Amino acid sequence: MVNTYLPKDEVNAFTSQVLTRGSTGQDVKELQSRLKFIGFFKGKVDGVFGWGTYWSLRTFQKEFGMKVDGVAGPKLKEKLVKATKNYKASGTASNTNTKKSNNIVSKITKTSNSSNKNNNKKQVENAPNGYTNNDIKLMANAVYGESRGEPYIGQVAVAAVILNRLSSSSFPNSISGIIYQPGAFTAVADGQINLTPNANAKKAVLDAINGWDPTTGCIYYYNPKTATNKWIRKRPKILTIGEHIFCK
Amino acid sequence: MKNAIIIGALSVALIGTGYWGYTKHRDLQEMHNQAENSYQRAFNELTYDVDLLHDKIGATLAMNSKASLSPALADVWRLSIESKSDIAQLPLKFLPFDKTQAFLTKIANFSYRTAVRDLEKEPLTDEEYNTLKAIYKKSESVQDGLRNVQSDIIDKNLSWIDVQTVSAQKEAPRDNVIINGFKHVEQTKSTVDQDFGPTFTTGPEQSKELKKLTGDKISESEAKKIAKSYFPIKNYKDIAVNKSLDGSSEPFYSVSMEHKNPKADSYMEITETGGHPLFFITNRDIKKQQISLEDAGKSGANYLKKQKYTDMEIYDSSQYDTIGVFQFVKTVNDVRIYPESIQLKVALDNGKVIGFNAKSYVISNHKRNIPTPKLTKVQARKKVNPNVKVQEERLAILLNDFNKEVLCYEFIGTLDNDTYDIYVNALTGDEEKVKKL
């Protein structure tokens with residue numbers, strides 16, 4: 001495998017990472033703000049290489065006589081940096097074009113990049129289509145509160161149950177509606193949902209949203225040692241993961 | 001003197017704690033009342049909404065003009081959704097009320113589909129009329145049941161908080177007027193669950209379950225062998241195989257493996273019939289990104305090829321911090337078969353696959369005859385909103401809202417700053433699906 005990712009600072013603000021649709025990070029921010037600077041990109045500079053970035057990159061490639069593939073490789077970055085000589089990475093669009101400082105492009109981008117790091121330190125977060133970062137946080141809280149002592153796959157399974165309820169006709173139609181349904185989750189009832197989840201819980205939620213469902217469509221689960229209800233024990237059981245039995 | 005001071009101090013302390021206890025008690029009582037009131041409100045709204053729902057369904061039965069029928073059906077749709085959200089606010093933990101909720105969802109689906117249809121061109125069929133009549137009758141019994149509970153609550157001053165505590169008890173004689181009332185509603189309805197006809201379906205819900213598979217049954221040790229051939233990390237400390245429980249329509253094995261170097265856990269599910277791998281996940285710490293998303297995608301494609309999944313094409317990728325998630329789809333003669341998709345998760349520190357999900361592939365994989373389109377690409381394109389600038393187009397097989405495979409032209413286009421994925425049926429010219437990406 002060719003190592004294409006060099007985290008060291010290059011002459012310009014880009015690293016040599018090849019960017020494609022779905023990429024995230026500071027490099028994408030750089031790409032977006034440069035494309036925006038010359039009017040190709042009209043969306044928000046958010047560091048997520050989405051469709052909007054993709055089309056504007058293609059338009060750029062077309063107009064500059066390059067291969068139109070929507071992929072930002074080294075050649076494209078070189079062209080883009082040349083085309084945006086007056087661009088300053090600070091991101092404030094107000095003081096553009098005022099000074100002709102094109103002789104020291106690299107220096108400017110480098111220094112402003114380091115100052116940039118402070119305000120842009122916030123990690124770029126990508127959310128799957130149809131979900132917001134807050135949905136994910138809420139689910140991660142519920143998953144952590146419900147199953148933090150469980151193996152990782154058990155946490156994915158709990159997240160999957162929440163999502164299966166979303167598409168089930170017997171449950172509310174929103175993630176918050178399902179989580180806050182009175183009595184539906186013990187972690188909500190006893191306040192454990194307000195604990196700060198760890199990184200694993202969030203990873204588990206993302207796996208479930210991206211389609212991994214260890215329970216093959218279950219909408220209930222219980223701990224046979226502590227479950228207080230008879231009714232739930234009569235549901236068709238599908239599998240056991242850790243302490244939980246998952247059922248339909 | 002000393003004693004007097006001590007006695008004085010103690011009595012001040014006693015009065016203090018007394019007062020503190022009293023305010024605490026009052027606060028608690030207040031919160032208790034607040035919770036009770038919001039339950040009461042949700043319940044009373046539920047009975048009201050179901051009342052109205054029943055009346056509205058009744059009205060649609062007598063209507064003849066299409067102009068009044070469509071809005072009335074839209075009202076039925078709204079009320080069924082509202083009733084459902086009322087139920088969601090009640091403390092019905094483990095109380096078997098899911099059939100009534102499913103009933104409401106089905107009313108919602110049915111009324112929505114008929115409300116948005118052009119009834120001028122395509123009036124209600126006899127079958128659909130019968131469905132309406134049947135749900136009219138059933139909603140009456142739901143309404144009556146809820147009304148009874150309501151009068152019990154008002155007459156006997158019953159509390160929802162009690163329901164909450166009773167339904168959480170283990171072996172208690174769960175004798176509670178409200179619970180019994182709800183059970184009654186649920187049962188009167190479930191006895192006649194089937195009467196509503198084929199137009200009354202739940203929709204995409206079933207697609208998550210495994211379908212019946214064909215092939216030889218595999219043993220535990222064969223499951224282990226398959227799992228080992230899929231995990232990219234070879235060395236392991238411990239391997240365990242479990243079987244699914246008897247409620248699963250299609251039994252499967254779950255194989256868990258603990259790796260030592262690097263430290264990681266893997267988990268995989270494989271069907272017993274045919275030994276089809278459903279998915280696996282490896283959980284480990286992922287170090288700093290060394291691989292670009294694009295190269296990770298290539299590594300994923302190679303992995304699929306190595307595992308003998310042929311004709312798989314990558315169609316979407318996203319990066320979550322140091323993990324790349326890729327969507328692959330089977331492509332035969334340039335037709336994308338979306339039901340046969342596979343998801344891969346690739347670690348961006350070393351480019352190794354750490355997740356594989358082929359459940360929909362296993363469910364949908366079969367030899368199919370792709371029909372010849374009746375519309376040309378140009379004809380189909382005319383069906384797309386003229387404001388959308390089409391950027392990409394291709395043929396694709398899609399699962400539509402009725403869970404049926406349809407051949408479509410897929411158009412990816414832009415409108416202002418947004419990108420849309422538009423599917424036009426290649427046989428009928430219907431717009432099957434429009435998705436904002």
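Predicted model: local features only at pLDDT ≥ 70, side-chain atom pairs only at ≥ 80, totals over all residues.
Colleague: What percentage of the 248 residues in chain A do buried residues make up?

Modeller: Residues are numbered from 1 along each chain as its sequence is written, while chains are lettered from A and ligands numbered from 1 in the order in which they are written. A residue is buried if 20 or more other C-beta atoms, placed from the backbone, lie within 10 Å of its own, exposed if 12 or fewer do, and partly exposed in between. For chain A the buried share is 47%.

Colleague: Is Lys67(A) buried or exposed?

Modeller: Lys67(A) sits in the loop between α2 and α3 (74–83) of chain A. Because 11 other C-beta atoms lie within 10 Å, Lys67(A) is exposed.

Colleague: How many helices and strands are there in chain A?

Modeller: Helices (H or I, at least four residues) and strands (E, at least two) are DSSP runs, numbered from the N terminus. From that end, the elements of chain A follow the order α-α-α-α-α-α-α-α-α-β-α-β-β. The count is ten helices and three strands.

Colleague: Which strands of chain A stand at the edges of the sheet?

Modeller: Two strands pair if DSSP finds at least two bridges between them. The open sheet of chain A has three strands in the order β1-β3-β2, with antiparallel pairing. One side of each edge strand is left without a neighbour in the sheet because each has a single partner strand; these are β1 (220–222) and β2.

Colleague: Which residue in β3(A) is the bridge partner of Lys237(A)?

Modeller: Four bridges join β2(A) to β3 (residues 244–247) of chain A, and the two run antiparallel. Of the five residues in β2(A), four are buried. Thr240(A) is opposite Ile245(A) in β3(A). For Lys237(A), the partner is Cys247(A).

Colleague: Which residue in the hairpin of β2(A) and β3(A) takes a positive phi?

Modeller: Two residues lie between the strands of this hairpin. The positive phi, near 60°, belongs to Gly242(A).

Colleague: How many residues does the contact take from chain A and from chain B?

Modeller: Two residues are in contact if their C-beta atoms, placed from the backbone, lie within 7 Å. By that criterion, the contact takes 55 residues from chain A and 62 residues from chain B.

Colleague: At roughly what angle do the axes of α3 and α4 of chain B cross?

Modeller: Axes are lines fitted to C-alpha atoms, for helices over the stretch in contact, and angles run from 0 to 180 degrees between N-to-C directions. The axes of α3 (residues 98–116) and α4 (residues 126–156) of chain B come within 12 Å and cross at roughly 145°.
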